[in-house]
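Please view the sequence and the structure together, and then read the points below.

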Amino acid sequence: MRVLLLLLVSIAAADPLPREIVPEKAILVAQPDEEGRKVWHTRFFRIDSDIELRPNDLLRLAQVADTTATAVKAHPLPLFAPPQGSRPRIAIHARTSAYQEEGGAPGTAGMYLSRQALVLIQGDYLVRSPDAARSRLAPRNDEDLVVHELVHLCMHRTNAKLPQWLIEGLAEYFASAHAGAGRFSFGNMDQVIREHLRTRLSPDDPGIPLVPVADLIDLDGRGWLHYLNSLPVAERYRAYATSLLLAHQQLHGGKERIEALRLALSAPPSKRMPIALIAPETAAATQISLIRYWKPKGLTLEFAPAK
Ligand SMILES: [Zn+2]
């Protein structure tokens with residue numbers, strides 16, 4: 001009896017995700033060209049491209065993509081809900097004009113398009129050109145961006161049921177846990193989130209600039225884009241950082257929050273946000289609890305004053 005009890009306790013206390021997810025050998029099967037585009041199948045995805053990609057770049061992309069899907073699938077909550085009917089699509093465009101014609105927003109390197117159920121990637125961010133100065137981001141950051149957008153694609157059929165801060169926060173949650181080349185480490189989320197935010201926002205001091213929680217909780221997808229556009233480009237990541245900390249709290253901040261999220265995820269597809277996961281009147285208290293949680297872990301959260 002005692003043994004059984006101990007066993008139950010250890011299951012209840014177990015990490016919600018495997019501590020590590022290591023990529024399997026990449027699978028990449030070339031398909032016939034379609035409309036002048038090269039096409040490949042990975043385990044989960046269809047990749048098509050108008051540029052010749054080097055085998056290593058392509059294999060690495062396949063590995064990052066498939067392991068991202070594996071990681072989202074491994075989560076105990078029903079987050080994994082990719083488009084139905086055909087392989088989820090990753091489309092790579094060499095030219096900025098083609099990228100934007102298909103729906104990529106100017107100034108972005110990659111983007112999930114919900115209506116077309118695909119992830120668009122600008123080719124020059126993917127291919128390691130010998131002219132390294134052209135790449136604005138380190139390869140590691142490029143991959144984290146791909147992970148972020150692919151999480152949206154893997155959650156395609158659940159996104160409509162969630163507030164946008166949570167959709168963005170969950171995508172950043174997986175991107176934080178991504179250690180490069182499709183390896184994920186979920187064993188110490190506090191540490192990977194701290195490193196992720198310090199790297200992006202504040203490499204030299206513990207202060208992390210954030211947007212007010214009250215600004216984000218009511219936004220839908222369109223509202224989110226509008227909000228981002230209202231921020232100076234250099235400050236936009238602050239909205240993602242705030243969402244990441246909120247999503248982490250939703251997943252790790254006690255049974256009630258997890259159950260509220262589970263309920264939201266299992267709502268019928270037509271229902272949008274059956275439960276407000278953060279009530280507007282609790283926004284200020286939420287900020288205080290986040291500040292208290294992260295302070296001893298090495299992050300000093302600095303929320304901008306609410307309007
Ligand atoms: Zn996103």
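Two strands pair if DSSP finds at least two bridges between them. Helices (H or I, at least four residues) and strands (E, at least two) are DSSP runs, numbered from the N terminus. This is a predicted model, in which local features need pLDDT of at least 70, side-chain atom pairs count only at pLDDT 80 or more, and totals for chains, interfaces and linings use all residues. Residues are numbered from 1 along each chain as its sequence is written.

**The chain as a whole**

- The chain contains 12 helices and 11 strands.
- Of its 307 residues, 36% are buried; a residue is buried if 20 or more other C-beta atoms lie within 10 Å of its own, exposed if 12 or fewer, and partly exposed in between, with C-beta atoms placed from the backbone.
- Among contacts in the chain with a separation of 6 or more, 68% join residues 24 or more positions apart; two residues are in contact if their C-beta atoms, placed from the backbone, lie within 7 Å.

**The three-stranded sheet**

- Three strands form an open sheet in the order β1-β9-β8, with antiparallel pairing.
- Strands β1 (20-21) and β8 (178-180) are the edge strands, and each pairs on one side only.
- Strand β9 (residues 183-185) runs antiparallel to β8 and is joined to it by two bridges.
- Gly 180 stands opposite Arg 183 in β9.
- Ala 181 is located in the loop between β8 and β9, and has a positive phi of about 55° although it is not a glycine.
- Ala 181 counts as partly exposed because it has 16 C-beta neighbours inside 10 Å.

**Helix packing around α10**

- Two packed helices are described by the angle between their axes and the distance between the axes. Axes are lines fitted to C-alpha atoms, for helices over the stretch in contact, and angles run from 0 to 180 degrees between N-to-C directions.
- Helix α7 (residues 189-201) packs against helix α10 (residues 237-252) at an angle of about 175°, and their axes are 11 Å apart.
- Helices α7 and α10 are therefore roughly antiparallel to each other; angles under 35 degrees count as roughly parallel, over 145 as roughly antiparallel, 65 to 115 as roughly perpendicular and the rest as oblique.
- In this contact, α7 contributes Met 189, Ile 193, Leu 197, Arg 200 and Leu 201, while α10 contributes Tyr 237, Ala 241, Leu 244, His 248 and His 252.
- By class, the contact of α7 with α10 has seven nonpolar, two polar and one charged residues; Ala, Val, Leu, Ile, Met, Phe, Trp, Tyr, Cys and Pro count as nonpolar, Asp, Glu, Lys and Arg as charged, and the others, Gly among them, as polar.
- Helix α6 (residues 164-177) and α10 cross at roughly 85°, with axes that come within 7 Å, and these two helices are therefore roughly perpendicular to each other.
- The contact of α6 with α10 has eight nonpolar, five polar and two charged residues.

**Two further loop residues**

- Leu 231 is placed in the loop between α9 (221-230) and α10, and counts as partly exposed because it has 15 C-beta neighbours inside 10 Å.
- Leaving aside neighbours within four places in sequence, Leu 231 is in contact with Arg 236 and Ala 239.
- Ala 117, in the loop between β6 (110-113) and β7 (118-122), has a positive phi of about 50° although it is not a glycine.
- Ala 117 is partly exposed, with 17 other C-beta atoms within 10 Å.
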